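Please keep the sequence and the coordinates in view while reading.

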Amino acid sequence: MTDTVPVMLDLRDFTAPMKTAGDYIALWAEIEPTLFTVDPQEERVVHLGCGDRGTIGVRFLSPGHNPRAFRLDTRFAVHGVLEKPQVLYACDTCQTSGATVYGPFTCKPCADGGKPGRICDDHVTILDGGFHARCPAHTPRCQECGGRASFWCEGRKCARKQAWCDRHRRRHPGDAAMSYCPPCYADRFPGCAVRNCQKIGHLRCDHVHERNKEDCGRRICAHHAERWQIYGFGPRSRRGLVLCPPHSADLRSLSRHSLVFQIIAGTAARRRRGSRGQATGLPHLSSVRHIFINVREEALDLSVLSNLFDDVRRSLASHGRDAELAKLIDGAADRRRQDIRRWEEQQKTGRELFGRLVQVLRNDGKKELAAKVRFSSFQAASKKLFVHVPPELLGRFIGTKGAGVKRLGEQLGVSVEWEKR
Ligand SMILES: [Zn+2]
Ligand SMILES: [Zn+2]
Ligand SMILES: [Zn+2]
Ligand SMILES: [Zn+2]
Ligand SMILES: [Zn+2]
Ligand SMILES: [Zn+2]
Ligand SMILES: [Zn+2]
């Protein structure tokens, strides 16, 4: 009866995976016969070659106590196994070339396909604009040219799910860390419609085509956009409509009807787009009167202007955009009547003031002026009396350094203004 022979196995240079107890039993069955060729009292580690799986080291733990020769009934006892520290999450790509390297990343397409999908630092690809790691086999390709992708597009359509290469990368103008594909960039940062302008068209033209009620929508940079101030100039007034250069130039050639149509349709478009904050209503008739003075150089009665709104209303169909405009016009009908009533009261006051103005001119001996000035309008809120003065008499009317109008204003207790056109 022989004692067992204690041994230690060194598997650090053995590359075949050892996963179960069965793997170890099979391995031992394979190497045990070769131990009979070894000197039992060898103190150094004995290396047994295993072909492309590397080598196994065997060390006798007490060579001095071993028999002179192993016999068929010699029993061995494995007291320990030296192994490489086990890598739980090994890079798939490295493993195909026999190396075991820790892979801290996971490739989603691999994992979705049932593979571990682990990726090491050397084999991982993480594109700009996203944190999805990809293995070499699943590194995304550019949507456009099939080249190696370098970023995920931040655009609305791509939503960081489409990858693009550097050749097809457009950077955010204010934030170089954000990148877009060409279509998404054009969508997010449309160019100004003005030829050769390199700026971004942040604004859209509000002009509305009368025939189909579609807006022009041309994209314009802040520099090339015209603001048509139909809501007044005050610090609390809403910002005016945006016009592209061609539609801004067209404004002066619009008929009365078309001009009122633009005011209504532009305001409706504003409401539709819901520009933040207060609801956008049509301008008061008194403002419309000013718009007409500025654009068409004609000062119209408010009742004439109100009739123009009714004309536009009658030209509209009962569906779609037309119905929307009709509703806007109808919704302000009461206010237009009120505007006219208040306006007529003011003009009554204005005509009385004007009568006194003529009297002051006569008393001052300015007979020709007194005969030729005409009443224009009176604004009660700003206490402004507007008059028409023939151009050849304007200098005399204003007086040296404005002394003439100043005196008239003091006499009447209002500010006297002359219509510029
Ligand atoms: Zn790797
Ligand atoms: Zn993969
Ligand atoms: Zn590309
Ligand atoms: Zn995109
Ligand atoms: Zn048009
Ligand atoms: Zn521009
Ligand atoms: Zn336009």
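A salt bridge is taken here as a side-chain nitrogen of Lys or Arg within 4 Å of a carboxyl oxygen of Asp or Glu. The model is a predicted one, in which local features need pLDDT of at least 70 and side-chain atom pairs count only at pLDDT 80 or more, while totals for chains, interfaces and linings use all residues. Residues are numbered from 1 along each chain as its sequence is written, chains are lettered from A and ligands numbered from 1 in the order in which they are written, and side-chain values use heavy atoms, with hydrogens and water left out.

Across the whole structure, 21 salt bridges are found. One of them joins Lys108 to Asp112, with the closest N and O atoms 3.3 Å apart. Helices (H or I, at least four residues) and strands (E, at least two) are DSSP runs, numbered from the N terminus. Lys108 and Asp112 are separated by about one helical turn because they stand four residues apart in helix H3 (residues 108-112). For accessibility, buried means under 20% relative accessible area, exposed over 50%, and partly exposed in between (1.4 Å probe, protein chains only). Lys108 is exposed at 55%, and Asp112 is exposed at 57%.

A further salt bridge pairs Glu298 with Arg296, the closest N and O atoms being 2.8 Å apart. Here Glu298 is buried, at 17% relative accessibility, whereas Arg296 is partly exposed, at 28%. Glu368 and Arg396 also form a salt bridge, with 3.2 Å between the closest N and O atoms. This pair links distant parts of the chain, 28 residues apart: Glu368 belongs to helix H11 (residues 367-372) and Arg396 to helix H12 (residues 391-398). Glu368 is partly exposed, at 32% relative accessibility. Asp128, Asp166 and Arg169 are connected in a network of salt bridges.

The metal sites come next. Donors are N, O and S atoms within 2.8 Å of the metal (3.2 Å for Na, K and Ca); water is not among the atoms, so sites may look incomplete. Four donors count as tetrahedral if all angles lie between 85 and 135 degrees; four count as square planar and six as octahedral if opposite donors are over 155 degrees apart and all others between 65 and 115, and anything else is irregular.

Which residues coordinate the zinc ion (ligand 1)? Its donors are Cys91 (SG), Cys94 (SG), Cys120 (SG) and His123 (ND1), at 2.0 to 2.4 Å. The arrangement is tetrahedral because the four donor atoms subtend angles of 106 to 115 degrees. Along the chain these donors follow the spacing C-x2-C-x25-C-x2-H. Cys91, in the loop between S4 and H2, and His123, in the loop between strand S6 (118-119) and strand S7 (125-126), link distant parts of the chain, 32 residues apart. Cys91 is buried, at 0% relative accessibility, while His123 is partly exposed, at 25%.

The zinc ion (ligand 4) has Cys153 (SG), Cys158 (SG), Cys181 (SG) and Cys184 (SG) as protein donors, at 2.2 to 2.3 Å. Angles of 101 to 114 degrees make this site tetrahedral, and its donors are spaced C-x4-C-x22-C-x2-C. Cys153 lies in the loop between strand S9 (151-152) and strand S10 (163-164) and Cys181 in the loop between strand S12 (175-180) and helix H4 (182-188), so the pair ties together parts 28 residues apart in sequence. Cys153 is buried, at 0%, and Cys181 is buried, at 1%.

Cys205 is buried, with a relative accessible area of 0%. The loop between S13 and S14 also holds Lys213, a residue other than glycine with a positive phi of about 65 degrees. Lys213 is buried, at 12% relative accessibility.

Glu297 likewise has a positive phi, near 55 degrees, without being a glycine; Glu297 is placed in the loop between helix H7 (285-296) and helix H8 (302-314).
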